[in-house]
Amino acid sequence: MIGWLAVLVVAIVLVIQVIPVERNVSTVQPGQSFEKTEKVPANVAAILKVSCYDCHSNNTRYPWYSVLQPGAWFMIRHIKKGKEELNFDEFNNYSKRRKKAKIKSIISQIEKDEMPLKSYLLLHSDSKLTAEERKMLLDFFTSRTNPQ
């Protein structure tokens, strides 16, 4: 009985590997809209690219394991949810009020150490914000609390 169950589990795992997953890849330069309209300094842009853009832009850097199911489905769900909350590539399309609210939310989440998500950091340790990076981001976003 256990032998058949193992065969069934392996067969299911193999079959789900061929189910296609939509990728979050755009032809637009990642973060271009936000970086240009908000005049983001290079050091802040570098931090955002490494720690934020995979889930909060129209371009995700996909690691080797992103082609393995069910992990790819988990990633897609996180990316979709992240982009619904904040999409740096579409930031310029937000109203002034929404921009201000998003910036306040970013500040709050950085202060509370809520972003990047702990589950994301498990496999992307390079995305963890240092105290210095957190300060740079907080200084930048605090200076933008009244977007134009």
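Predicted model: local features only at pLDDT ≥ 70, side-chain atom pairs only at ≥ 80, totals over all residues.

Trainee: How many helices and strands does the protein have?

Mentor: There are eight helices and zero strands; helices (H or I, at least four residues) and strands (E, at least two) are DSSP runs, numbered from the N terminus. Along the sequence the pattern reads α-α-α-α-α-α-α-α.

Trainee: And what share of the residues is buried?

Mentor: Of the 148 residues in the protein, 34% are buried. Buried means under 20% relative accessible area, exposed over 50%, and partly exposed in between (1.4 Å probe, protein chains only).

Trainee: Which residues of α6 are buried?

Mentor: They are Lys99, Lys102, Ile103, Ile106, Ile107 and Ile110. These residues lie on the same side of α6, because they cover an arc of only 140° around the axis; the arc is that of the directions from the helix axis to the C-beta atoms. An α-helix has 3.6 residues a turn, so residues three or four places apart point the same way.

Trainee: What sits on the face turned away from that side?

Mentor: That face of α6 carries the exposed residues Arg97 and Glu111.

Trainee: Now the largest pocket: what is its volume?

Mentor: The largest pocket holds about 500 Å³ of space. On a 1 Å grid over the protein atoms alone, a pocket is an open set of points where a 1.4 Å probe fits, with protein on both sides within 12 Å along at least five of seven lines; lining residues have an atom within 4 Å of a point. Grid points are joined across faces, edges and corners, and a volume is the space filled by probe spheres set on the points.

Trainee: Which residues lie nearest its centre?

Mentor: Among the 24 lining residues, these are His56, Gly82, Glu85, Gln109 and Met115. The helix α6 gives the most to the lining, with five residues.

Trainee: Last topic: how many disulfides are there?

Mentor: There are zero, a disulfide being a pair of cysteine sulfur atoms within 2.5 Å. For Cys52, the nearest cysteine sulfur is that of Cys55, 9.3 Å away.

Trainee: Is Cys52 buried or exposed?

Mentor: Cys52 counts as buried, because its relative accessibility is 18%. Cys55 is also buried, at 17%.

Conventions:
Residues numbered from 1 in each chain as written. Heavy atoms only, no water.
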